[in-house]
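Look at the sequence and the structure shown here, then follow the paragraphs one topic at a time.

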Amino acid sequence: MTNNFDYDVLVIGAGPGGYHAAIRASQLGLKTACVERGAVGGVCLNIGCIPTKALLHAAETMQASKHAAEFGLTFSGQALDIARLNGWKDSIVKKLTGGVSGLFKANKVTLLTGQASFVDDHTVQVGDKTYTAANIIIATGSDPAKLPGLEVDQQQIVDSTGALVMPDPVPARMLCVGGGVIGFEFAQVYNNLGSQVKIIEFLPSVIPGADADAVKEFSKIMSRQGIEIVTQMKANRAEKKSDGVHVELENVKTGEKTTEVFDRVLVAVGRRPRTDGLNPEQAGVTVTERGFIPADKQQRTNVPHIFSIGDVAGNPMLAHKAMKEGLVAAEVIAGKPAEQDAVAIPGVVYTNPELAWVGLTEAEAQEKGYEVKTGVFPMSASGRAMTLQATEGFVKMVVEKDTDLLLGVHIVAPHASDMLAEAGLALEMAATATDISLTIHAHPTLGESILEAAEASHKQAIHIV
Ligand code: FAD
């Protein structure tokens, strides 16, 4: 690209956003380096998406083995080796992060290890060295938000990183402060491993952003599994005593305060963009009051050759959004006509059953002025779901009444995240509910429930009355 700089592209941060950007830039012939001060793979691979899914699977397997009694399979005893559980989870992380390092090598991306700080808009300091680049991509991610009065010690009071290390024994009483995706995933892990779990949420509803009917169904199932969910409740302070962590809880409607005792408290109240030590002001890059580095559709910041992607660029803070933005930034730098133009970004709570959605909720569609029809197919009517002992939940399809245009799909079901891919593609292709109902879906599959929900929106589902 240019001979005046050390690199065509310098990426800061090797999380999912940064490593996708670096590899694509290199694939497109650009001389690329990626700076990482921690572990390659970022939050997602090391302390986020992957280790949580490993724990969810292990904890769910314990439950599944109990449900096997229904079809005559019983086990003589169940023992949990916590050290082995933690070790297995860590081994998956190691395999995947090693894989990213291998991909860097194979794609000729130079990995620079250390803290990156801007010197000026083309120069970045890493340790005692400086590097120049024609284009710089900021992919520094996010950190857990803190809650005043609940100081994280990663033992008794933990954030999502501390919660990943399962203590031995499993805590008897667990409080999750925050009823978002991370709060629910950990709540189910600990609940399935034997903790008595309570979730408190400040807002009137849990899982903000998801469809109200889907959240209602999901909450009902989680409560049935033994997780106590209390909304409009906040945690004011926590005090560690010999019998556990004493947490002052306050009902935000009435102001009534109570103190409850827990063995472990998880603070999961959101995430904050991470720019510490980066010195973006040295490059003239705008940082918002909340710490985000905003970008346009081509991921350019206010400085056109400096790009911002992933969590640090804004919500939703999701790995697949970071990956897409990384690819867009690299392709724009390479001169391709790319932009972040996704119709919808899927959201998933990876519990069992999962809550997964893509596109508009019914309320959002109405707010946008659409006249809406819906189609709902209960998993209890799915033959495949019955064979999987997975009959809770439903697929809800939100469709524009006159045009039949698909607007959103909301699923509460096992493997909902996988079922959602079809809905995501349908939205991107501007499909109608009829397009989905005319598509032959394999039988018996959970995916047929999407077909049936489309048919239900036409009041023609075969398997519901
Ligand atoms: P990050 O993954 O945060 O990576 C940023 C990297 O930059 C880090 O490695 C950091 O060390 C490095 N860095 C920062 N500053 C500097 C600097 N100045 N110099 C050098 N290096 C620097 N998302 C999903 O889509 N699905 C999930 O199932 C999911 N589960 C999650 C579960 C948990 C418990 C958590 C906490 C998050 C989860 N997420 C999930 C969110 C997901 O992890 C993030 O959205 C994603 O990691 C963001 O990617 P990123 O590349 O923007 O940043």
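The C-alpha centres of domain 1 and domain 2 lie 27 Å apart. In the domain assignment of the protein chain, domain 1 covers 7-144 + 272-334, domain 2 covers 157-269 and domain 3 covers 347-458; such bounds come from an automatic or database domain assignment. Residues are numbered from 1 along each chain as its sequence is written. The model is predicted: local features need pLDDT of at least 70, side-chain atom pairs count only at pLDDT 80 or more, and totals for chains, interfaces and linings use all residues.

Where domain 1 and domain 2 meet, 14 residues of domain 1 are in contact with 12 residues of domain 2. Contact between two residues is defined by their C-beta atoms, placed from the backbone, lying within 7 Å. On the side of domain 1 that touches domain 2, the elements giving two or more residues are α3 (49-67) and α4 (82-106). The largest share of that side, eight residues, comes from α3. Helices (H or I, at least four residues) and strands (E, at least two) are DSSP runs, numbered from the N terminus. By class, this side of domain 1 has 10 nonpolar residues, three polar and one charged. Here Ala, Val, Leu, Ile, Met, Phe, Trp, Tyr, Cys and Pro count as nonpolar, Asp, Glu, Lys and Arg as charged, and the others, Gly among them, as polar.

Next comes the ligand. It is surrounded by 36 residues, of which the closest are G13, G15, G42, G141 and G310; a residue belongs to this group if its C-beta atom, placed from the backbone, lies within 6 Å of the molecule. The elements that give two or more residues to this shell are α1 (16-27), β2 (32-36), α2 (42-47), α3 and α8 (319-333).

Under "binding site", an unreviewed UniProt entry lists G178, G179, G180, V181, I182, G183, F184, E185, E201 and G270. UniProt positions are given in the numbering used here, feature names are shortened, and annotations may be inferred rather than shown by experiment. The listed residues span 93 residues in sequence, yet no two of their C-alpha atoms are more than 14.4 Å apart, so they gather at one spot.

G180 is in the loop between β9 (173-177) and α6 (181-192), while F184 is in helix α6. Is G180 buried or exposed? G180 counts as buried because it has 20 C-beta neighbours inside 10 Å. The cut-offs are 20 or more other C-beta atoms within 10 Å of a residue's own for buried, 12 or fewer for exposed, and in between for partly exposed, with C-beta atoms placed from the backbone. F184, with 27 such neighbours inside 10 Å, also counts as buried. Leaving aside residues within four places in sequence, G180 is in contact with I207, A268 and G270.
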